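Hi,

Here is the structure I promised to pass on. My notes follow below it.

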Amino acid sequence: MDFGDININKFVSKFSIIRLKDLIKQIRSCKTAAEERAVISKESAFIRTSFKDENNETRSINVAKLLYIHMLGYPAHFGQMECLKLVASPKFTDKRLGYLGIMLLLDENQEVLTLVTNCIKNDLNSTNMYICGLALCTLGNISSQEMARDLSGEIERLLVSSNSYIRKKAALCTLRIIKKVPELMENFVTRAKNLLNERNHGVLLTGITLLTEMCRVNPEVTTEIRKQAVPTLVRHLKNLVTAGFSPEHDVSGITDPFLQVKTLRLMRLLGKGDSEASDAMNDVLAQVATNTESSKNVGNAILYETVLTIMDVESENSLRVLGINILGRFLANRDNNIRYVALTTLTRTAQASSADSSALQRHRSTILDCLRDPDISIRRRALDLSFFLITPQNIRILTRELLSFLEVAESDIKASTASRIVEYAGRYRPNKRWEVDTVVRVLRVSGSFVDQVVINTFVKLVTTADTGLQQYTVRKLYGVVVADGEKAHIQEGLLQAMMWCVGEFGDLLVDGKKTIVLEPEEEEKDSGEFGGCNENEVIDLFELILKGPFATSCVQEYAITALVKLTGKFIQTEVVLKAKKIVHKYKTNIDVEIQQRAVEYSQLFELDYDTRSALLERMPVLESALKEESQKDIFAASAASGVTISEVSSDLLGGSSKPDDIYSMVFGNEKNTSIAKSDKNIMDLLGDIGIGAPALKSTTSPTAAPQTTTDLLGDLFGPGPSSISPQPSQQARPIQTSNFSALDDLLGTTTTPQKPAAIEQTAYEKHGLKITLAATRDTGDTMNVATMFRNVGNGSISGVSMQVAVPKSLKLLLQPPSSTVIPQGGSATQLFRIENPSKVVVRLRLKISFVTGMEQSVDEIVEFSQFNPSL
């Protein structure tokens with residue numbers, strides 16, 4: 001065969017292959033997936049054969065068809081090497097197709113990619129900017145760490161190219177490099193900053209995108225570029241907002257919205273946590289927020305980014321209110337996507353800070369309307385946001401709305417919604433009865449969905465209530481179950497709560513006396529569901545529920561336990577026998593748990609009435625329940641007065657005049673301590689402790705009620721002082737003032753002339769531990785006190801801890817002890833500082849805890865007030 005025959009064969013072969021357009025038509029004409037697979041298989045086999053022939057004339061056509069086959073999801077890996085051959089071609093069309101194939105068929109983890117590095121490097125040095133752009137685009141899409149390191153120098157050079165097209169592509173390629181190899185970032189920071197001065201919008205857009213990524217990857221870059229970048233970005237954004245019509249960059253009447261969005265995102269990163277940078281942004285942010293048209297989606301996108309920037313930077317309060325109002329306008333938009341974005345952003349804002357709550361309250365009605373929106377995603381976002389709107393002032397209104405939503409809510413969110421309603425009802429409750437009514441309504445609406453945590457919380461609430469509220473609660477639950485009939489029987493949580501309350505307070509249920517729970521003006525109108533009942537009716541209700549089809553195993557367990565407890569509270573013989581008969585039926589139940597309960601409870605019936613009544617008396621109040629209820633009261637009081645929990649706890653050191661503060665709860669009053677006090681004035685917290693007054697004595701009473709209030713500090717100071725401090729020892733010895741040098745350095749006090757020696761006085765001496773206090777006057781109204789712990793017993797003392805509390809007019813700064821373990825004959829120190837601006841007599845209450853050498857745990861409270869009056 002001569003040379004002419006070869007050219008003829010190639011010519012015939014070129015015109016015999018199927019073009020890409022024809023292949024697409026064949027595939028689209030296939031009526032079944034099987035026909036499509038047959039066409040693809042046939043064409044793939046033909047392309048594979050053509051590749052073996054090494055026909056350069058048809059290679060580009062075959063690669064184009066192969067890429068289309070790959071896009072349809074069929075294997076096309078056998079064309080990878082052909083793409084490399086096209087990249088090596090001098091033709092621009094072949095290079096373009098080859099680089100496209102590399103980006104589609106290869107990824108950074110394939111070894112074949114190493115063969116492309118040299119081709120890309122050569123093309124990066126090409127004088128044709130479009131070939132150079134192809135190489136940059138490919139490198140920015142599939143670059144591995146090795147390629148990034150090898151070609152980073154070329155990218156640095158191209159970032160300062162005179163061609164704006166190449167600079168734009170190089171900036172995008174740099175994004176890939178710093179993500180793959182973050183340590184190379186420092187090589188690009190300076191060049192990236194220079195891109196902010198570009199006039200070309202495309203280069204400026206990519207430069208801002210590059211700097212944004214740098215700031216996210218490395219926060220140090222944020223600090224480095226902030227001073228130079230913020231004024232430049234403000235200038236660019238102001239020019240975009242005030243610029244007239246620009247056909248080249250106009251989108252729906254707004255100049256280059258893409259650049260505005262990118263600029264706002266970078267400003268958000270630069271202004272976060274920096275007040276100076278934020279101040280420089282305030283004016284332009286306000287200008288964007290007020291001048292941007294919101295009638296079209298383009299303007300809404302810019303306004304959304306503006307609001308995010310306002311909320312993230314240290315912006316002015318008026319600007320934050322403007323941002324929330326913009327989101328409020330979004331809520332009135334017909335587009336569900338915009339409303340969803342607004343609800344999500346408002347929720348994030350409410351989570352991040354409570355300072356914007358007043359501005360958020362203005363849009364409460366709009367947010368609550370979203371709870372009734374047909375779109376489920378809108379309803380759920382509105383539900384999340386609604387809980388952040390709750391305050392002590394609107395708790396009743398919002399709870400009614402949330403309960404109405406709970407009635408129609410989807411089953412998969414009823415449990416979480418009910419739990420959150422109960423949680424917020426306890427946190428912001430106006431009174432306990434209102435909380436009881438709210439929880440009962442939650443159980444009435446979604447009792448079959450609530451978690452056991454809700455039932456446990458309700459039980460704690462009732463057990464810590466007074467007798468009047470307990471009677472109201474058990475009657476309320478009983479009345480609801482009777483009034484609703486089978487509708488209530490399907491609410492398992494409601495039945496559990498009712499049966500537990502009836503079992504514990506059944507005597508109050510059938511008691512004909514009426515108890516006033518709250519002041520009339522504080523009560524909500526009673527539903528009138530309870531008209532009184534007798535013992536027989538209570539047992540009949542339990543029997544009806546147990547016979548019904550909705551009595552689950554858990555309900556049966558609650559019912560059996562309640563019936564057993566009622567046998568110790570009801571006095572009618574026939575009623576008690578009826579309850580016993582019901583319990584006996586379950587001695588042969590298929591459920592082992594129920595059977596075991598019935599058998600064990602039946603044994604109690606053999607006991608005499610007095611013994612059985614003693615065993616079945618009411619459950620004692622849990623300490624954890626007391627603590628939780630006390631914390632609820634403190635939180636509700638602090639929320640109602642507009643202060644935080646930290647501010648309330650700081651009242652221990654002075655500053656509050658509320659009658660029910662933490663100091664009262666810690667040190668006790670006539671309701672919650674065993675110390676005999678008659679004065680209720682909060683300003684006389686120390687009672688009879690005074691100069692020349694007799695020492696307080698601990699009193700105990702066999703009929704005293706258990707302590708019913710606790711505080712945020714838990715049992716830090718215990719239920720009351722267990723001992724009274726001994727009278728200060730008459731022995732005294734001097735302590736050099738140099739001992740206070742460490743405290744002086746810590747508190748920043750200045751060096752003063754030598755002070756007189758301090759007098760060391762004994763505050764506690766028991767169980768082998770002796771504690772002495774030595775006070776000296778510091779500058780002004782400040783007194784420094786050095787505490788010395790000495791081990792005068794046998795064996796080592798461990799776990800040494802001393803807590804100090806002072807009256808409200810004083811302020812205290814307590815340092816930790818030098819050691820919590822004191823060996824025999826050893827000592828430790830603890831320093832504290834007292835500010836006494838009122839010049840009152842200093843009185844202390846100390847809680848001392850330690851473990852003796854005999855492994856005996858000691859926890860006592862003592863009082864001390866024998867400081868030198870001149871101090």
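His767 sits in the loop between E4 and strand E5 (769–777). Strands here are DSSP runs of at least two residues (E), helices are DSSP runs of at least four (H or I), and both are numbered from the N terminus. His767 is not a glycine, yet its phi is positive, about 55 degrees. Its relative accessible area is 37%, so His767 counts as partly exposed. The cut-offs: buried means under 20% relative accessible area, exposed means over 50%, and partly exposed is in between, with a 1.4 Å probe and protein chains only.

Before you go further, note that this is a predicted model: local features need pLDDT of at least 70, side-chain atom pairs count only at pLDDT 80 or more, and totals for chains, interfaces and linings use all residues. Residues are numbered from 1 along each chain as its sequence is written, and side-chain values use heavy atoms, with hydrogens and water left out.

Asp256 is another non-glycine with a positive phi, about 40 degrees. Its place is the loop between strand E2 (254–255) and helix H14 (257–271). Asp256 is buried, because its relative accessible area is 9%.

Now the salt bridges. The structure holds 42 of them. The criterion is a side-chain nitrogen of Lys or Arg within 4 Å of a carboxyl oxygen of Asp or Glu.

- Glu760 and Arg790 meet through their side chains at 2.8 Å, N to O.
- Salt bridges with shared partners join Arg265, Arg268, Glu305 and Asp312 into one network.
- Arg429 pairs with Glu435, and their closest N and O atoms are 2.6 Å apart. Both residues are buried.
- Asp507 pairs with Arg618, with 3.2 Å between the closest N and O atoms. This pair links distant parts of the chain, 111 residues apart. Asp507 is in helix H28 (residues 492–509), while Arg618 is in the loop between helix H33 (609–615) and helix H34 (623–641). Asp507 is partly exposed, at 31% relative accessibility. Arg618 is also partly exposed, with a relative accessible area of 31%.

Next, a sheet. It is open, has 3 strands in the order E7-E10-E11, and its pairing is antiparallel. Strand E7 (798–805) and strand E11 (857–864) are the edge strands, each pairing on one side only. From one strand to the next, the twist averages 15 degrees. Two strands count as paired if DSSP finds at least two bridges between them.

How many bridges hold E7 and strand E10 (residues 844–851) in the antiparallel sense? There are 6. Ser801 has Ser849 in E10 as its bridge partner. Ser798 stands opposite Val851 in E10. On the other pairing, E10 and E11 run antiparallel and are joined by 8 bridges. There, Lys847 stands opposite Ile861 in E11. The hairpin of E10 and E11 has 5 residues between the strands, and Glu855 in that hairpin takes a positive phi near 65 degrees. E10 is largely enclosed by the rest of the structure, because 7 of its 8 residues are buried.

Last, a helix pair. Helix H5 (residues 80–87) and helix H6 (residues 92–105) pack at about 145 degrees, with their axes 7 Å apart. The axes are lines fitted to C-alpha atoms, for helices over the stretch in contact, and angles run from 0 to 180 degrees between N-to-C directions. H5 passes H6 in a left-handed crossing, where left-handed means that the near helix is turned anticlockwise from the far one by less than a right angle.

Which residues make the contact? From H5 they are Gln80, Cys83, Leu84, Leu86 and Val87. From H6 they are Asp94, Lys95, Leu97, Gly98, Tyr99, Gly101, Ile102 and Leu105. Contact means heavy atoms within 4.5 Å. By class, the contact has 8 nonpolar, 3 polar and 2 charged residues. Ala, Val, Leu, Ile, Met, Phe, Trp, Tyr, Cys and Pro count as nonpolar, Asp, Glu, Lys and Arg as charged, and the others, Gly among them, as polar.

Best wishes
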